[in-house]
Amino acid sequence: MTPMDTAPSGAGLVAALDVGGTKIAGALVDADGRVVLRARRPTPAAEDGATVMAAAAEVLGDLRDLPLWAAVQAVGIGSAGPVDRAAGSVSPVNIPGWRGYPLRERVRDLAGGLPVQLIGDGAAVAAAEHWVGAARNSSHALCMVVSTGVGGGLVLGGRVRPGRTGNAGHIGHISVDLDGDPCPCGGRGCVEGLARGPAIARRARENGWRPEPGGEGSAAEVAAAARDGHPAAVAAFARAGRALAAAIAAVAALVEIEVAVVGGGVAEAGEVLFAPLRRSLPEYATLAFTRGLRVVPALTGPDAGLIGAAAAALGRVDG
Ligand SMILES: [Zn+2]
């Protein structure tokens with residue numbers, strides 16, 4: 001069996017790695033952005049760097065064991081950041097064992113010398129949504145993930161723009177409250193501190209919402225309560241939506257985006273988040289060229305990191 005007999009859509013098969021604080025996912029992705037086969041391991045995030053790399057190597061090993069590997073032309077890595085594209089290194093906040101870790105080189109060694117591209121997870125989401133998702137027909141887009149953190153990436157002039165070191169579009173750490181709470185990043189009043197899932201859950205509790213017996217008090221539970229009209233839950237999502245609106249408006253003013261794509265676990269709350277976000281947007285996006293900005297849900301879901309890494313492998317991300 002030749003590789004071309006097995007590749008689902010012919011040439012352009014690539015391998016993708018999505019490195020996060022809780023899992024390392026891998027996949028073979030075809031030229032149309034479809035995930036063909038996958039592998040994954042938990043990230044031993046508290047262990048030393050070599051142990052984390054061993055988990056990544058196991059994921060790659062699973063992919064290399066597949067007959068289809070013979071058709072793989074390149075490897076893309078999307079990693080939790082910060083990353084340094086020029087150096088090929090990563091320093092994920094949630095993986096302390098990796099600081100300036102030469103991930104691109106290590107993966108190249110394990111991938112038999114195939115070309116390897118590295119991008120940050122925010123740029124990966126933008127690359128995925130621009131390739132096969134909600135930003136597919138947009139040349140100027142912000143693509144965001146709102147989950148336990150808030151991240152993002154930019155599409156400008158029809159290209160994913162990861163920036164000088166690969167971290168452009170990192171919207172979670174735009175300040176929307178000058179005198180707000182200190183952020184772990186060292187800043188103050190960051191949108192992440194207002195819109196991330198745990199912040200929504202905390203605010204709902206502060207205002208009197210309580211989880212059902214046996215509940216964890218997650219943002220998803222707050223979303224369910226908001227759908228039932230619980231005022232504290234509704235208010236917590238309204239606050240998060242407003243913070244996101246202010247940040248999105250700032251990006252629109254800065255680089256003239258036409259659409260903001262919002263994904264991630266918190267965005268799965270749907271209209272509970274999107275309705276107040278859209279309602280608040282005109283308060284902040286006031287200049288003529290920022291009006292008409294659309295805010296839409298992401299389409300690539302949990303595969304965004306893999307699809308975006310594959311897009312990078314295929315040269316769809318600026319160098
Ligand atoms: Zn911050």
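This report walks through a predicted model, from its overall build down to a few of its parts.

## The big picture

Let's start with the whole chain. The protein has 10 helices and 12 strands. Its radius of gyration is 20 Å, close to the 20 Å that the globule rule gives for 319 residues, so the protein is as compact as a globular protein of that length. Along the principal axes, the C-alpha trace spans about 60 × 45 × 35 Å.

How much of the protein is buried? Buried residues come to 50% of the 319. The contacts tell a story of their own: looking at those with a separation of 6 or more, 64% are between residues 24 or more positions apart.

Now zoom in on one pair. β1 (residues 14-19) and β2 (residues 23-29) are antiparallel partners, joined over 6 bridges. Valine 19 has isoleucine 24, in β2, as its bridge partner.

## Another open sheet

There is also an open sheet of 5 strands in the order β10-β9-β8-β11-β12, again with mixed pairing. Its edges are β10 (159-160) and β12 (294-297); each has a single partner strand, so one side of each is left without a neighbour in the sheet.

Which strand is β10 joined to by 2 bridges? That is β9 (residues 150-156), and the two run antiparallel. Look for leucine 156 here: opposite it, in β10, stands arginine 159.

## Helix α4, under cover

Helix α4 covers residues 121-132, which makes 12 residues. From first C-alpha to last it reaches 16 Å, close to the 16 Å expected at 1.5 Å a residue.

Is α4 mostly covered or mostly open? Mostly covered: 12 of its 12 residues are buried. The buried residues include Asp121, Glu129 and His130, along with Trp131 and a run of alanines at Ala126, Ala127 and Ala128.

## Where α7 meets α8

Two packed helices are described by the angle between their axes and the distance between the axes. For α7 (residues 219-227) and α8 (residues 231-255), the axes come within 7 Å and cross at roughly 115 degrees. The crossing of α7 and α8 is left-handed.

Which residues make the contact? From α7 come Val222, Ala223, Ala225 and Ala226, while α8 brings Ala233, Val234, Ala236 and Phe237.

Finally, a single residue. Leucine 281 lies in helix α9 (residues 271-284). Why does leucine 281 count as buried? Because 24 other C-beta atoms lie within 10 Å of its own, and 20 or more is enough to be called buried.

Setting aside residues up to four places away in sequence, leucine 281 touches Ala245, Ile248, Ala249, Leu293 and Val295. Glycine 33 makes for another reference point: 248 residues separate it from leucine 281 along the chain, and their C-alpha atoms are separated by 32 Å.

Technical notes. Residues are numbered from 1 along each chain as its sequence is written. This is a predicted model: local features need pLDDT of at least 70, side-chain atom pairs count only at pLDDT 80 or more; totals for chains, interfaces and linings use all residues. Helices (H or I, at least four residues) and strands (E, at least two) are DSSP runs, numbered from the N terminus. The expected span of a helix is 1.5 Å times one less than its number of residues. The radius of gyration is taken over C-alpha atoms; the globule rule is 2.2 Å times the number of residues to the power 0.38. Two residues are in contact if their C-beta atoms, placed from the backbone, lie within 7 Å. Two strands pair if DSSP finds at least two bridges between them. Axes are lines fitted to C-alpha atoms, for helices over the stretch in contact, and angles run from 0 to 180 degrees between N-to-C directions. A crossing is left-handed if the near helix is turned anticlockwise from the far one by less than a right angle, and right-handed if clockwise.
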